[in-house]
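Here are my notes on this one, jotted down as I went through the model. Have a look at the structure, then read on.

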Amino acid sequence: MMKFFSIILSSLILVQSLNISFEDISKLNVLLEHAEFHQQKYGDSFFEFLSEHYGEKTSDISNKHKEHKDLPFKHDSNTHNNLNWTIALNGLFIELKNTPVLTASKSNFFYKESISIFEKPSVFQPPKLS
């Protein structure tokens with residue numbers, strides 16, 4: 001049962017990554033009818049038809065027939081997955097004042113190490129004042 005479930009999920013991910021929708025599957029008969037039309041009228045084989053309509057010559061042929069708009073897999077994938085974000089910025093103004101820092105005061109820091117090792121890793125060193 002687990003293998004069947006994993007096969008179903010992996011095939012779903014594959015179909016979604018290829019951007020195949022139910023609309024494309026329902027238009028497969030339009031693709032086959034149009035391929036048959038090209039075979040009867042122009043003598044094209046099915047692979048020539050696919051190369052003309054989905055290959056390099058797509059821009060040359062796209063305006064010849066109105067049926068080309070109804071063919072499957074002719075949609076742009078970038079237009080379907082856009083998210084619109086709206087960010088509203090409030091008029092919040094923060095004024096920073098420059099206050100002088102006292103550098104002449106003596107620090108109240110004293111550290112005496114109780115254990116001395118010849119080589120100390122630099123990560124475990126105590127803070128040093130200059």
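1. Start with where helix 3 and helix 4 touch. On the helix 3 side the contact is made by Leu31, Leu32, His34, Ala35 and His38, and across from them sit Phe46, Phe49, Glu52, His53 and Tyr54 of helix 4. Sorted by type, the residues of this contact come out as six nonpolar, three polar and one charged. Keep in mind throughout that this is a predicted model.

2. How do those two helices cross? Helix 3 covers residues 28–42 and helix 4 covers residues 46–54; their axes are 10 Å apart and the packing angle is about 110 degrees. Since 65 to 115 degrees counts as roughly perpendicular, helix 3 is roughly perpendicular to helix 4.

3. Next, the rings. The count of aromatic pairs is two. One of them joins phenylalanine 46 to phenylalanine 47, with 6.2 Å from centre to centre and 70 degrees between the planes, an edge-to-face arrangement. Phenylalanine 46 also pairs with phenylalanine 49: here the centres are 6.3 Å apart and the planes are at 35 degrees, so this pair is tilted. Put together, Phe46, Phe47 and Phe49 make one aromatic cluster.

4. Why are phenylalanine 46 and phenylalanine 49 separated by about one helical turn? Because they are three residues apart in helix 4.

5. Phenylalanine 47 has a relative accessible area of 67%, so it counts as exposed. Phenylalanine 46 has 36% and is partly exposed. Both Phe46 and Phe49 are also on the list of residues meeting helix 3.

6. Now for the whole chain. There are five helices and zero strands, and the order along the sequence reads α-α-α-α-α. The chain has 130 residues, of which 11% count as buried. Among contacts with a separation of 6 or more, 41% are between residues 24 or more positions apart.

7. Helix 1 (residues 2–17) passes a simple length check. After helix 1 comes asparagine 19, which has a positive phi, near 60 degrees.

8. Serine 21 is in the loop between helix 1 and helix 2 (22–26). Buried or exposed? Serine 21 is partly exposed, because its relative accessibility is 30%. What does serine 21 have to do with phenylalanine 73? Their C-alpha atoms are 8.7 Å apart, although 52 residues separate them along the chain.

9. Lysine 27 belongs to the loop between helix 2 and helix 3. Its relative accessibility is 21%, so lysine 27 counts as partly exposed, given that buried means under 20%. Which residues does lysine 27 touch, leaving out those up to four places away in sequence? They are Lys69, Asp70, Leu71 and Pro72. For aspartate 70, the C-alpha to C-alpha distance from lysine 27 is 7.4 Å, at 43 residues apart in sequence.

Methods:
Residues numbered from 1 in each chain as written. Predicted model: local features only at pLDDT ≥ 70, side-chain atom pairs only at ≥ 80, totals over all residues. Heavy atoms only, no water. Axes fitted to C-alpha atoms, helices over the stretch in contact; angles between N-to-C directions. Helix = DSSP H or I, 4+ residues; strand = E, 2+ residues; numbered from the N terminus. Parallel < 35°, antiparallel > 145°, perpendicular 65-115°, else oblique. Contact = heavy atoms within 4.5 Å. Nonpolar A, V, L, I, M, F, W, Y, C, P; charged D, E, K, R; others polar. Phe/Tyr/Trp six-rings, centres within 6.5 Å; stacked < 30°, edge-to-face > 60°. Buried < 20%, exposed > 50% of the residue type's maximum accessible area, 1.4 Å probe, protein only.
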